[in-house]
Amino acid sequence: MAASTSLRDIYVAQCAIVGVHKPNSQLLKLLPEDPSANGTLGSLDLSLNVVGSKGLQTLLQVIANAHGLTDINVSGNNLGNQIVTSLAGVLVTHPSVTKLDVSNNPITTAVGKTLLTMLKRNPRITELNIEGTIIRPLMTNCIGFQLARNAQAAPGGKRPP
């Protein structure tokens, strides 16, 4: 999308493409109307909002274009492997996201591998909550080690204990 398009307009256009007939009114209030304000969205908290996979699909381009976004919380949204994989694909190159919460969603170890790859490719992401998922403990440990590496490499980062 062009830089002259607001995050709100991107969201409304994606709703039409995905087949969401009525955009979420709370999201419309949250997203800037002015394209020059696209960098002001710092946090996207959709926890327990039950946007579901289709709702999150409408937001992927918004997230990709929200260059001030640092914190995304999609916990408790009944998100499956496919949509979380798509989200990770957007975040691999995102310039500002540092925190992602995908907890309490029925995602599996297959997505755990994708999330691990995302963390390796985007060291800016230093916090990832995967509690309440079906990701196996070994993969959870690998993700934890990569998060520690990312935190250590971050500006002002500290060595893990």
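This dialogue goes through several features of a predicted model and how each can be read.

Reader: Where should I begin with the strands, and in what order do they lie in the sheet?

Author: The sheet is open and is formed by 4 strands in the order β1-β2-β3-β4, with parallel pairing. At its edges stand β1 (43–45) and β4 (127–129), each of which pairs on one side only. Direction ignored, neighbouring strands of this sheet are turned by 5° against each other on average.

Reader: How many bridges join β3 to β4, and which residue of β4 is the bridge partner of Asp101?

Author: Strand β3 (residues 99–101) runs parallel to β4 and is joined to β4 by 3 bridges. The bridge partner of Asp101 is Asn129 in β4.

Reader: Turning to the helices, at what angle do α5 and α6 pack?

Author: A pair of helices can be read from the angle between the axes together with their separation, and for helix α5 (residues 81–91) and helix α6 (residues 109–121) the angle is about 5°, while the axes are 9 Å apart. That makes α5 roughly parallel to α6, because angles under 35 degrees count as roughly parallel.

Reader: Which residues of α5 and α6 meet, and how do they divide into nonpolar, polar and charged?

Author: From α5 come Asn81, Val84, Thr85, Ala88 and Leu91, and these meet Ala110, Val111, Thr114, Leu115 and Met118 in α6. The residues of this contact divide into 7 nonpolar, 3 polar and no charged.

Reader: What is the general idea behind a nonpolar core, and which residues of the largest one touch the most other members?

Author: In soluble globular proteins, nonpolar side chains tend to be buried together. The largest nonpolar core here has 42 residues, of which Ile63, Leu91, Leu100, Val102, Leu115 and Leu128 touch the most other members. Two or more residues are given to this core by each of α1 (7–18), α4 (60–65), α5, α6 and α7 (137–153), and α5 gives the most, with 6 residues.

Reader: Taking Leu128 as an example, with which residues is it in contact beyond its neighbours within four places in sequence?

Author: With those neighbours left aside, Leu128 is in contact with Leu100, Val102, Leu115, Leu119, Ile143 and Leu147.

Reader: How should I read a loop residue such as Asn122; is Asn122 buried or exposed?

Author: Asn122 lies in the loop between α6 and β4, and Asn122 counts as buried because its relative accessible area is 0%, where the cut-off for buried is under 20%. Not counting residues up to four places away in sequence, Asn122 touches Leu91, Val92, Thr93, His94 and Asn150. The C-alpha atoms of Asn122 and Thr98 are separated by 9.1 Å, although these residues are 24 residues apart along the chain.

Reader: Where does Leu69 lie, and what does Leu69 contact?

Author: Leu69 is found in the loop between α4 and β2 (71–73), and Leu69 counts as buried because its relative accessibility is 0%. Neighbours within four places in sequence aside, its contacts are Leu41, Gly42, Ser43, Leu44, Ile63, His94, Ser96 and Val97. Leu69 and Gly42 are 27 residues apart in sequence, yet C-alpha to C-alpha they are 4.1 Å apart in space.

Reader: Finally, what is the phi of Asn78, and what is that of Asn104?

Author: Asn78 is not a glycine, although its phi is positive at about 55°; Asn78 has its place in the loop between β2 and α5, and counts as exposed because its relative accessible area is 59%. Asn104, also a residue other than glycine, has a positive phi near 55°, and the place of Asn104 is in the loop between β3 and α6.

Conventions: Residues are numbered from 1 along each chain as its sequence is written. This is a predicted model: local features need pLDDT of at least 70, side-chain atom pairs count only at pLDDT 80 or more; totals for chains, interfaces and linings use all residues. Side-chain values use heavy atoms; hydrogens and water are left out. Axes are lines fitted to C-alpha atoms, for helices over the stretch in contact, and angles run from 0 to 180 degrees between N-to-C directions. Angles under 35 degrees count as roughly parallel, over 145 as roughly antiparallel, 65 to 115 as roughly perpendicular and the rest as oblique. Contact means heavy atoms within 4.5 Å. Ala, Val, Leu, Ile, Met, Phe, Trp, Tyr, Cys and Pro count as nonpolar, Asp, Glu, Lys and Arg as charged, and the others, Gly among them, as polar. Two strands pair if DSSP finds at least two bridges between them. A nonpolar core is a set of buried Ala, Val, Leu, Ile, Met, Phe, Trp, Tyr and Cys residues joined through side-chain atoms within 4.5 Å. Buried means under 20% relative accessible area, exposed over 50%, partly exposed in between (1.4 Å probe, protein chains only).
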